[in-house]
Amino acid sequence: MTNQEPLDERFTSFLLHAQALRFGDFTLKSGRRSPYFINAGAFDDGITISTMGAFYAEKIADAIRAGILPRDIDTVFGPAYKGIPIAVSTTIALTSLHSVGVGYTFDRKEVKDHGDGGILVGTPVKAGMK
């Protein structure tokens, strides 16, 4: 696998190598059926989660260069729970590999009523953010 291969091919190879992409007959949380499933729980060590973040960052950086996304993205949102490490690793890769400084935000499954409280953690979400 080299960077000369298209992003989608490298990403699919990564998912297969990480044993995150499975084929079969799956019932999704929504109740829909799918012939494939991506198990984010397979990104369970530093190498796989940092690689996943690097792929997401590359896709975002490509979209910025193409004018699809704005350069001044405010935050990357990672839904609890499996989306949190993906959002964090993506922001790290955006900053370190693509010089795109961006925050991250994630939600909690329940509102926290002690400590810092609230439902969101990380970069505060405000109207008009990107």
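Trainee: Which residues make up the largest nonpolar core here?

Mentor: In this predicted model, the largest nonpolar core has 12 residues in all: Leu7, Phe14, Leu15, Ala18, Ala20, Leu21, Ala42, Phe43, Ile49, Met52, Phe55 and Ile86. The elements that give two or more residues to this core are α1 and α2. A second, separate core of 10 residues includes Ile73, Val76, Ala87 and Val100.

Trainee: Why might such side chains gather?

Mentor: In soluble globular proteins, nonpolar side chains tend to be buried together. Take Leu7 as a case: beyond its neighbours within four places in sequence, Leu7 is in contact with Phe55, Glu58, Lys59 and Asp62.

Trainee: How should I read helix α2, and which of its residues are buried?

Mentor: Here is the general idea. An α-helix has 3.6 residues a turn, so residues three or four places apart point the same way. Now the case: α2 covers residues 46–65 and spans 28 Å from its first C-alpha to its last, close to the 28 Å expected. Its buried residues are Thr48, Ile49, Met52, Gly53, Phe55, Ala57, Glu58, Ile60, Ala61, Ala63 and Ile64. Their cover includes α1 and α3.

Trainee: What is found at the start of α2, and what follows the helix?

Mentor: At the start, a side-chain oxygen of Asp45 comes to within 3.2 Å of the backbone nitrogen of Ile47. After α2 comes Gly67, with a positive phi near 80 degrees.

Notes:
Residues are numbered from 1 along each chain as its sequence is written. This is a predicted model: local features need pLDDT of at least 70, side-chain atom pairs count only at pLDDT 80 or more; totals for chains, interfaces and linings use all residues. Side-chain values use heavy atoms; hydrogens and water are left out. Helices (H or I, at least four residues) and strands (E, at least two) are DSSP runs, numbered from the N terminus. The expected span of a helix is 1.5 Å times one less than its number of residues. Buried means under 20% relative accessible area, exposed over 50%, partly exposed in between (1.4 Å probe, protein chains only). Contact means heavy atoms within 4.5 Å. A polar contact is a pair of N or O atoms within 3.5 Å; within protein, one must be able to donate a hydrogen and the other to accept it, and residues adjacent in sequence count only if both atoms are side-chain atoms. A nonpolar core is a set of buried Ala, Val, Leu, Ile, Met, Phe, Trp, Tyr and Cys residues joined through side-chain atoms within 4.5 Å.
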